[in-house]
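Subject: Structure handover

Hello,

Here is the structure we talked about. Please open it alongside this note, which goes through the findings one by one.

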Amino acid sequence: MTKMKLQIAHQVPGRIRMKIPSAKENPELLEQIKETFKVIPGVEQVTVNPATGSVVLHYDTDRHDEFHGRLEHHTGGHHKPPADEIDALASKIEQEAEYLAEHSHAARVIVDFFKDFDNGIKVATGNVVDLKILLATGIAGFTIFEVGASAATPVWVTLAVFALNHMIQSNMAEAAEAEPARATA
């Protein structure tokens, strides 16, 4: 089978829906894709939809890591599961934005703008920083700037600093008492 472009349209543990534009209205190609994905360990069911060019994979969540490793191999390394909760949330937001963009011209313009902006950030930083990192940093910086030093210190921080200081002072006193004993011995 030749290489083709696919997009993860939706993903939750145990289920992935992929869109394959070249498979739209092409039941023969979708059947080949279905047979290819059925051999991946952990895949329990493969459903295809020729009208939309989509493939839905249901897989055993107990074999999540093995499944995603095999899926990555079969998709040429283009698919990677979310690494953490932030990536999963960003992926979900991106999927929702794409859904809205499919149904609204204004949403498409906004989504495309932010995708281009995100790509520009990635290119400018050598793929070290992206929009989600920049946004989180901006929110944290804004919060610190707005709240500033005038904010009250939480009680638990005050107690933790007091306890740490007390522990250090008591250990220093014990060390000072033990020092003359070692010197005479």
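I start with R108. Its relative accessible area is 24%, so R108 is partly exposed. Please keep in mind throughout that this is a predicted model.

**The charged network**

Salt bridges with shared partners link E98, R108, D112 and K115 into one network. Two of its pairs are worth a look.

D112 has a relative accessible area of 32%, so D112 is partly exposed.

Is E98 buried or exposed? E98 has 11% relative accessibility; the cut-off for buried is under 20%, so E98 counts as buried. K115 is at 34% and counts as partly exposed.

**Another salt bridge**

In total, the count comes to 6 salt bridges. One of them joins K19 and E102, with the closest N and O atoms 3.5 Å apart. What does this pair tie together? K19 lies in strand β2 and E102 in helix α3 (residues 85-103), so the bridge connects parts that are 83 residues apart in sequence. K19 has 23% relative accessibility and is classed as partly exposed. E102 has 46% and is classed as partly exposed.

As background, side chains of opposite charge can pair when their charged atoms come close.

Now the surface. I110, F113, F114, F117 and L134 make a nonpolar patch of about 490 Å². Which element gives the most to the patch? Helix α4 (residues 105-124) does, with 4 residues. F113 is placed in this helix.

D118 is also found in helix α4. With a relative accessible area of 17%, D118 is under the 20% limit, so D118 is buried. Setting aside neighbours within four places in sequence, D118 is in contact with D130 and L131.

**The nonpolar core**

The largest nonpolar core has 14 residues. Those with the most contacts inside this core are M18, A23, I33, F37, V46, V55 and L57. Four elements each supply at least two residues: β2 (15-19), α1 (27-38), β3 (43-49) and β4 (54-59). Which of them gives the largest share? Helix α1 does, with 4 residues.

**A backbone point**

Last, please look at E25. E25 lies in the loop between β2 and α1. Phi of E25 is near 60°, a positive value in a residue other than glycine. E25 has 60% relative accessibility; the cut-off for exposed is over 50%, so E25 counts as exposed.

**Where to look**

- The network of E98, R108, D112 and K115.
- The salt bridge between K19 and E102.
- The nonpolar patch, including F113 and L134.
- The core residues, among them M18 and F37.
- The positive phi of E25.

Best wishes

Note on methods
Residues numbered from 1 in each chain as written. Predicted model: local features only at pLDDT ≥ 70, side-chain atom pairs only at ≥ 80, totals over all residues. Heavy atoms only, no water. Patch = residues over 30% accessible without salt bridge, like charges linked within 9 Å, V, L, I, M, F, W, Y side chains within 5 Å. Areas by Shrake-Rupley, 256 points an atom, 1.4 Å probe, with all protein chains shown as cover. Salt bridge = Lys/Arg side-chain N within 4 Å of Asp/Glu carboxyl O. Core = buried A, V, L, I, M, F, W, Y, C linked by side-chain atoms within 4.5 Å. Buried < 20%, exposed > 50% of the residue type's maximum accessible area, 1.4 Å probe, protein only. Contact = heavy atoms within 4.5 Å.
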